[in-house]
Amino acid sequence: MTGSVIIAGLGPGNPDMVTPEVADALAQATDIVGYIPYVARIPPRDGLTLHASDNRVEIDRSRHALEMAAGGKRVVVVSSGDPGVFAMAAAVFEALEAGPQDWRALDIRVLPGITAMLAAAAAAGAPLGHDFCAINLSDNLKPWDLIEKRLRLAAEADFAMAFYNPRSKSRPDGFARALDVLREACGDARPILFARNVSRPDQTLRIVPLTDATPDMADMRTMVIAGSSATRVIDTPRGPILYTPRSA
Ligand code: SAH
């Protein structure tokens with residue numbers, strides 16, 4: 001078998017944030033596999049077949065990629081941000097583990113990308129300058145009780161917290177509950193960053209105290225970062241800078 005599967009991160013949106021390594025892999029690919037809006041970021045060219053599929057079919061998509069590689073294709077599976085962060089790399093390995101033994105001989109590589117959390121943090125300052133954690137607020141693949149437990153314990157441990165998938169049309173209420181848990185654990189003054197469409201032309205950043213944070217400030221294009229007890233805002237004429245000092 002001479003085919004390969006590369007699972008590549010396209011970064012948060014700005015083409016300048018695609019790594020040269022990922023750009024090379026895309027240029028060498030025979031087939032691109034991924035969720036429709038991510039595949040739409042790849043310009044068509046001769047010799048390249050684009051396979052765009054809907055959300056929530058990650059395992060089918062992964063099997064398809066592995067099957068094509070077993071047939072000799074150079075397949076790139078694309079994710080936004082980093083492919084190992086709530087994205088396709090783990091899905092491909094789930095399919096590999098459950099699939100035929102001969103898939104394990106394939107050349108499979110993961111190429112990192114700039115994850116939304118880091119792009120959002122950089123756009124606002126340095127809110128992740130001390131210890132932090134990342135939590136996916138979607139309950140598609142885990143029970144809501146577990147999300148609440150992790151939120152409570154992370155707040156108790158005084159981590160800054162980065163929240164992916166804060167709110168969607170199919171999950172309108174979870175984020176309001178998450179804000180309630182945070183208010184109980186962190187108090188009203190804790191700064192919260194809402195970073196929407198980070199690195200894209202329509203990027204917006206809002207920093208508000210927890211007491212002013214409302215569910216409608218977040219959607220599926222928003223990264224939410226809650227500060228730790230040490231996180232603070234420096235006011236400048238060019239706008240607020242959100243940062244967490246390096247020492248506890
Ligand atoms: N693998 C991706 C994350 C996939 S989960 C990564 O590493 O970035 C999808 C969630 O990521 C979205 O709901 C949103 O919370 C966040 N996200 C992705 N791109 C974003 C962007 N440009 N701006 C703000 N949030 C983004």
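Is arginine 63 buried, partly exposed or exposed? Arginine 63 is partly exposed, with a relative accessible area of 38%. Here buried means under 20% relative accessible area, exposed means over 50%, and partly exposed covers what is in between, using a 1.4 Å probe and protein chains only.

## Basis of the values

This is a predicted model in which local features need pLDDT of at least 70 and side-chain atom pairs count only at pLDDT 80 or more, while totals for chains, interfaces and linings use all residues. Residues are numbered from 1 along each chain as its sequence is written, and side-chain values use heavy atoms, with hydrogens and water left out.

## Salt bridges

The whole structure contains 6 salt bridges, a salt bridge being a side-chain nitrogen of Lys or Arg within 4 Å of a carboxyl oxygen of Asp or Glu. One of them joins arginine 63 to aspartate 60, with the closest N and O atoms 3.3 Å apart. Both residues belong to helix H3 (residues 58-70) and are 3 residues apart, about one turn of the helix. Helices (H or I, at least four residues) and strands (E, at least two) are DSSP runs, numbered from the N terminus. Aspartate 60 is partly exposed, at 49% relative accessibility.

Aspartate 107 forms a salt bridge with arginine 109, where the closest N and O atoms are 3.3 Å apart. Aspartate 107 is partly exposed at 37% relative accessibility, and arginine 109 is partly exposed at 41%.

## The link between H6 and H7

A salt bridge also connects the side chains of arginine 177 and glutamate 148, at 3.5 Å from N to O. Arginine 177 lies in helix H7 (residues 174-186) and glutamate 148 in helix H6 (residues 144-156), so the pair ties together parts that are 29 residues apart in sequence. Arginine 177 is partly exposed at 40% relative accessibility, whereas glutamate 148 is buried at 14%. Glu148, Arg152 and Arg177 are linked in a network of salt bridges.

## Helix H6

H6 has 13 residues and spans 18 Å from its first C-alpha to its last, close to the 18 Å expected at 1.5 Å a residue. The expected span is 1.5 Å times one less than the number of residues in the helix. The buried residues of H6 are Trp144, Ile147, Glu148, Leu151, Ala154 and Ala155. They cover an arc of only 135° around the axis, which puts them on the same side of H6. The arc is that of the directions from the helix axis to the C-beta atoms.

On the other side of H6, Asp145 and Glu156 are exposed. The cover over the buried residues of H6 includes strand E7 (132-136), strand E8 (160-164) and H7. Just after H6, aspartate 158 has a positive phi of about 60°.

## Helix H7

H7 also has 13 residues and reaches 18 Å from first to last C-alpha, close to the 18 Å expected at 1.5 Å a residue. Its buried residues are Gly174, Phe175, Ala178, Leu179, Val181, Leu182 and Cys186. Seen down the axis of H7, these fall within an arc of 160°, so they line one face of the helix.

Among the elements that cover the buried residues of H7 are H6, E8, strand E9 (191-196) and strand E11 (222-226). Just after H7, glycine 187 takes a positive phi of about 80°.

## Ligand surroundings

The ligand is surrounded by 20 residues, of which the closest are Asp82, Val85, Thr115, Met220 and Thr222; a residue counts if one of its heavy atoms lies within 4 Å of the ligand. A backbone N or O atom of aspartate 82 is 2.8 Å from an oxygen atom of the ligand, and a backbone N or O atom of valine 85 is 2.8 Å from a nitrogen atom of the ligand. An N or O atom in the side chain of asparagine 165 lies 3.0 Å from an oxygen atom of the ligand.

## Threonine 244

Threonine 244 is in the segment after strand E13 (241-243) and is buried, with a relative accessible area of 4%. Its side chain makes a polar contact of 2.8 Å with the side chain of threonine 231. A polar contact is a pair of N or O atoms within 3.5 Å; within protein, one must be able to donate a hydrogen and the other to accept it, and residues adjacent in sequence count only if both atoms are side-chain atoms.

Leaving out residues up to four places away in sequence, threonine 244 touches Ala126, Pro127, Leu128, Gly129, His130, Ser228, Ala230 and Thr231, where contact means heavy atoms within 4.5 Å.
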